[in-house]
Amino acid sequence: MYQMPSIPAWDRTRALQTLNVEEITFEMLDGNCQGYAKGRQIAVNPVARMPAKTTFHELAHIELGHTSEAVHDSETLPRNLKEAEAESVALLCLESLGMDGAEFCRGYIQRWLSGDVIPERSAQRIFAVADKILKAGIDKAGDRSENLRASFNRMFGHNARRLLILIENEIER
């Protein structure tokens with residue numbers, strides 16, 4: 001009988017250190033804003049409804065290159081695609097760790113995509129960044145990161161197309 005590997009513990013402090021991201025004080029007066037990222041810094045609203053989801057989303061903006069001056073793609077990505085990419089990373093991180101909040105990611109992604117689809121290149125970036133963020137917060141001394149990697153690879157393989165289909169199926173729910 002198949003036994004699912006245990007879900008590893010993800011350490012937020014370890015992830016921030018590993019990714020070289022600084023958490024700064026939240027200074028935005030807009031009560032609807034859950035968090036923001038600039039450069040290699042994130043700020044999470046102290047009254048954010050889902051601080052873990054917001055952390056994943058803001059880390060994703062940084063690791064996807066949305067906050068840097070350098071343009072990684074041939075042209076600047078539109079804001080709607082940046083938001084959909086970051087929230088897709090948050091969705092994958094939450095689902096992989098068995099954390100609450102994925103159901104809210106779906107609506108956010110749908111709203112920002114407005115009926116568009118996630119391009120193949122974005123799907124590849126989403127998968128790579130989710131993997132990087134997850135690995136950054138897991139104790140590499142134990143075998144837990146291997147369990148996560150094995151579980152993640154079983155779910156998605158190295159095929160970005162599968163990831164794209166998964167995300168599209170999730171947001172259609």
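Trp10, Phe56, Leu59, Val89 and Ile133 touch the most other members of the 35-residue largest nonpolar core. Such a core is a set of buried Ala, Val, Leu, Ile, Met, Phe, Trp, Tyr and Cys residues joined through side-chain atoms within 4.5 Å; buried means under 20% relative accessible area with a 1.4 Å probe, protein chains only. α3 gives the largest share of this core, nine residues.

This is a predicted model, in which local features need pLDDT of at least 70, side-chain atom pairs count only at pLDDT 80 or more, and totals for chains, interfaces and linings use all residues. Residues are numbered from 1 along each chain as its sequence is written, and side-chain values use heavy atoms, with hydrogens and water left out.

After α4 comes Ser114, with a positive phi near 50°.

The largest pocket holds about 690 Å³ of space, the volume being that filled by probe spheres set on the grid points. Among its 27 lining residues, Gln34, His57, Glu58, Glu83 and Tyr108 are the closest to its centre. Lining residues have an atom within 4 Å of a point of the pocket, an open set on a 1 Å grid with protein on both sides within 12 Å along at least five of seven lines, where a 1.4 Å probe fits. The lining divides as follows.

| Class | Lining residues |
|---|---|
| Nonpolar | eight residues |
| Polar | 10 residues |

Definitions and conventions
Helices (H or I, at least four residues) and strands (E, at least two) are DSSP runs, numbered from the N terminus. Ala, Val, Leu, Ile, Met, Phe, Trp, Tyr, Cys and Pro count as nonpolar, Asp, Glu, Lys and Arg as charged, and the others, Gly among them, as polar. Buried means under 20% relative accessible area, exposed over 50%, partly exposed in between (1.4 Å probe, protein chains only).
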